[in-house]
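Biologist: I am new to this structure and would like to learn how to read it. Please take me through a few of its features.

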Amino acid sequence: MSHGLLLVFELTILVLAIFLGFEVISKVPTLLHTPLMSGTNAIHGIVIVGAMLVMGAGGKDTLTWVIGFVAVILASANVVGGFVVTDRMLEMFKKRERPRQNAAQDSPDADVGDRSNE
Amino acid sequence: MSRTTTDLLYLVTIVTFILALRFLSQPDKARWGNRIGAAGMLLAVAVTFAQDEIVSYWEIVLGMAIGGGFGAVAARRVKMTAMPQMVALFNGVGGGAAALISWAEFHRKAPATGNLKVDISLAIMLSAIIGSISFAGSMVAFAKLQELIQGRPITYPGQQVVNALVLAAALASGIAIAAGAEQQWLMWALLACAALFGVLFVLPIGGADMPVVISLLNAFTGLAAAATGFELENNVLIVSGMLVGASGTLLTLLMSRAMNRSIANVLFGAFGQVSSHAAAAADTDGGTVRSASAEDVAVMLAYANKVVVVPGYGLAVAQAQHDVRQLADLLEEKGVEVSYAIHPVAGRMPGHMNVLLAEANVPYPQLKEMDDANPEFGRTDVVLVVGANDVVNPDARNNQGSPIYGMPILNVDQAQTVVVLKRSMNPGFAGIENPLFYNPKTVMLFGDAKDSITKLIGDVKAL
């Protein structure tokens, strides 16, 4: 494939990804803003692929070696830290039963038994 | 592994990331979304190892062990209250990685001039600039939230001009590179100027606005990652990076909309700066502050019909969420109707309070978002403000001179009585006086939120 054609393909998927990125999270409720930010933060850790390609290539000089090595360290910290932090945030929601809207409003005692396993 | 197989497997990773984003926007599936994303990431790493281009492994594995180990330990050890700065830190290192990749690519490909195609050198320059800004900016955001440097806006005359000049210098180096002047020192200048701009750009933004800034820098890192995808002709980088770039931008807009402020106002407004306007806001009609004992407050609560708890950052700092829930349970046993009013930006991040209260197993239906909570304050007997300040400041409604004028707030002053739990009379994170404290309806209960709530529990039990 010629370089120009490849570039056009790349630009095409780039533009599609822009629209998809807007669309896919458009209905996020406020309470998930922070976990979602943290989750997308983990996903851009995909730069680790780039760091691996730089580091793994043959015939590197010392400067490239050092830069690549630091890049691998930083990107791995981004990936692992990002997913673990997001999981810890979301862990807080795990025991909750499915939300029942406004049940508490009229009968404050009704949902005492609702609280799960403690 | 052939390039075709690699790219097909990368496509699987792309699909998992899209599903991850979709699930992360739904409360009941969010955790699965995160796991699906992690699985996709693992696949991408495995596939990359199997690529023919990769000829040496041990240094990659060593680097991953160091970085991954640090990430895992830091993310596990951090307290829930410090999550925001952790997100900033991990975002920053991602941006730094993107900038370094571009530097290495430039260094490798550019020794002989004319080797680089224009689109590749454009991508290198963009990724290096954006990644470097994201790295330095995130580190300043981290330092502000960690209180290593002061959270208040740091401003000086001509600041915007200086910032613009520094950014222009970074861009000029980049344009020179893209135009074919492939000198290594240009890259160093570019990285240094962009990093300096990142620092200068975040310094004048107040600590209370850091979540929006982190979200914006998060989108920046996504863009930088997408640009590295163009350098390396790698689809998974282009699509994943751009997904984060786009969704991060939308999330940034949603967050600033929740504060009723434009993104430009957040970034350039030096919000929370101590100004003459703020001094005007501090004019509290000569009112006095009434403080009460825990016993008094316990009586008020126990004999109320309806109590609304308004949590804020003070609750997070004191780790008082379990105690608050215990108090709410006690009151409910006495027949008091208890609910929680959650301001969208209470705490240091949107959703911060929901996470903390969910940790304490507060039933979800008791959490009221601002629009549902506000109409109810009129028929509320006691509002218990636990460590919240700016989100209940009536100046946002009444005082045009106030820096937070126009921000939607919880109208707690419409209730019969307001009890404010607070450590001292110091102004909140945004550094603004709060006339609510001088309102005749308000009583203050000074002390650490956890201690105060514990005392209240004891006193309510004793009634």
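Biologist: How many residues of chain B are in contact with residues of chain A?

Modeller: Some conventions come before the count. The model is predicted, so local features need pLDDT of at least 70 and side-chain atom pairs count only at pLDDT 80 or more, while totals for chains, interfaces and linings use all residues. Residues are numbered from 1 along each chain as its sequence is written, and chains are lettered from A and ligands numbered from 1 in the order in which they are written. Two residues are in contact if their C-beta atoms, placed from the backbone, lie within 7 Å. By that rule, 104 residues of chain B are in contact with 91 residues of chain A.

Biologist: Which element gives the largest share of the side of chain B that touches chain A?

Modeller: Helices (H or I, at least four residues) and strands (E, at least two) are DSSP runs, numbered from the N terminus. The largest share, 19 residues, comes from α9(B). By class, that side of chain B has 57 nonpolar, 32 polar and 15 charged residues. Ala, Val, Leu, Ile, Met, Phe, Trp, Tyr, Cys and Pro count as nonpolar, Asp, Glu, Lys and Arg as charged, and the others, Gly among them, as polar.

Biologist: At what angle do α4(A) and α4(B) pack?

Modeller: Axes are lines fitted to C-alpha atoms, for helices over the stretch in contact, and angles run from 0 to 180 degrees between N-to-C directions. Here the angle is about 155°, with the axes 8 Å apart. The two helices are therefore roughly antiparallel to each other (under 35 degrees is roughly parallel, over 145 roughly antiparallel, 65 to 115 roughly perpendicular and the rest oblique). The contact of α4(A) with α4(B) has 19 nonpolar, eight polar and one charged residues.

Biologist: How far apart are the C-alpha centres of domain 1 and domain 2 of chain B?

Modeller: They lie 38 Å apart. Domain bounds come from an automatic or database domain assignment, which gives 80-268 for domain 1 of chain B and 287-462 for domain 2. Between them, 16 residues of domain 1 are in contact with 17 residues of domain 2.

Biologist: What is the phi of B:E233?

Modeller: Most residues other than glycine have a negative phi. B:E233 has a positive phi of about 50° although it is not a glycine, and lies in the loop between α8 and α9 of chain B.

Biologist: Why does B:E233 count as partly exposed?

Modeller: B:E233 has 16 C-beta neighbours inside 10 Å. A residue is buried with 20 or more other C-beta atoms within 10 Å of its own, exposed with 12 or fewer, and partly exposed in between, with C-beta atoms placed from the backbone.
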